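The sequence and structure are shown first.

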Amino acid sequence: MVAKESTLALKRRARKINRELAQLYPYAHAELDFRNPFELLVATVLSAQTTDVRVNAVTPALFARYPDPLALAQAHSVDLEELIRPTGFFRAKAANLLALATRLVDEYDGVVPGSLEALVTLPGVGRKTANVVLGNAFGVPGITVDTHFMRLARRFGWTESSDPVRIEADVAALFEPKDWTMLSHRVVFHGRRICHARKPACGACPIAHLCPAYGDGEVDPVKAAKLLKYELAAGAEDLLARMLADVDMAAQYRQEFQRAARDSESKL
Ligand code: SF4
């Protein structure tokens, strides 16, 4: 029988994972593109049930047309639906965005509030969205429990729960608040690139020695390397080198790379 890990040992291992992920992804950042709290709030609402890449493809045109809550509150739903259609569930999302913008204008003078209590009362905004906005647009520490974070927290043995609120509390107990926001980015980066839902690339995973779930995925190093995604994927070596060389510019390099990929796709 394997002895249960003590709370202290769990905390030490969790913090070691965080340190090693920080070395692996020194350029980790919010992968939704935004320039202010309003844009991040809208982008996060749009990111439900779709990828950040897809959201980033529609938001430039969306924010060019509706740059602030007042403009968005006055949008015609049909126009809005058309702009956000590629993100899926576009009718429900458009209705949420219209209600959200209207509330921001009516109750907050068109300014996104900077507290969890206020944010979660807005239409379409749950705890996850609120924490994303707080952590990345207001500098308030927050743990973002999205689908990747949930999966990895369980694989790491940081929680046994499937309930996002419980997971957030379990993980919060393992780390200092000052680490919460960057920890969230690193874990999500790892989930998107290496520790995938269906086939984690265990054989190419630098933190395998710290992970109780090693072996849930592909352990052959050559086969596992083929599963890596984004800047870790074969063919993206230049992007990875640029992101590592200048971490402050990493978001911009990623955006340029994704834009170029979209452009070449649209030419096919
Ligand atoms: S060893 Fe496997 S399950 Fe564990 S973090 Fe790495 S890829 Fe994920």
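## Ligand shell

Among the 14 residues around the ligand, those that come nearest are Cys195, Pro200, Cys202, Cys205 and Cys211; a residue is near a molecule if its C-beta atom, placed from the backbone, lies within 6 Å of it. The model is a predicted one, in which local features need pLDDT of at least 70 and side-chain atom pairs count only at pLDDT 80 or more, while totals for chains, interfaces and linings use all residues. Residues are numbered from 1 along each chain as its sequence is written.

By class, the shell comprises eleven nonpolar residues, one polar and two charged (nonpolar: Ala, Val, Leu, Ile, Met, Phe, Trp, Tyr, Cys and Pro; charged: Asp, Glu, Lys and Arg; polar: the others, Gly among them).

## Annotated binding site

An unreviewed UniProt entry lists Cys195, Cys202, Cys205 and Cys211 under "binding site"; its positions follow the numbering used here, feature names are shortened, and annotations may be inferred rather than shown by experiment. These residues span 17 residues in sequence, yet no two of their C-alpha atoms are more than 10.8 Å apart, so they gather at one spot.

## Cys195 and Cys202

Cys195 lies in the loop between helix 11 (180–193) and helix 12 (221–225), helices being DSSP runs (H or I, at least four residues) numbered from the N terminus. Cys202 is found in the loop between helix 11 and helix 12.

Cys195 counts as buried because it has 25 C-beta neighbours inside 10 Å, the cut-off being 20 or more other C-beta atoms within 10 Å, with C-beta atoms placed from the backbone. Cys202 is buried with 22 such neighbours inside 10 Å.

Not counting residues up to four places away in sequence, Cys195 touches Leu152, Arg155, His190, Pro200 and Cys205 (contact: C-beta atoms, placed from the backbone, within 7 Å). With that same exclusion of residues up to four places away in sequence, the contacts of Cys202 include Ala208, Tyr214, Asp216 and Ala224.

How values were computed
Helix = DSSP H or I, 4+ residues; strand = E, 2+ residues; numbered from the N terminus. Buried ≥ 20, exposed ≤ 12 C-beta atoms within 10 Å, placed from the backbone. Contact = placed C-beta atoms within 7 Å.
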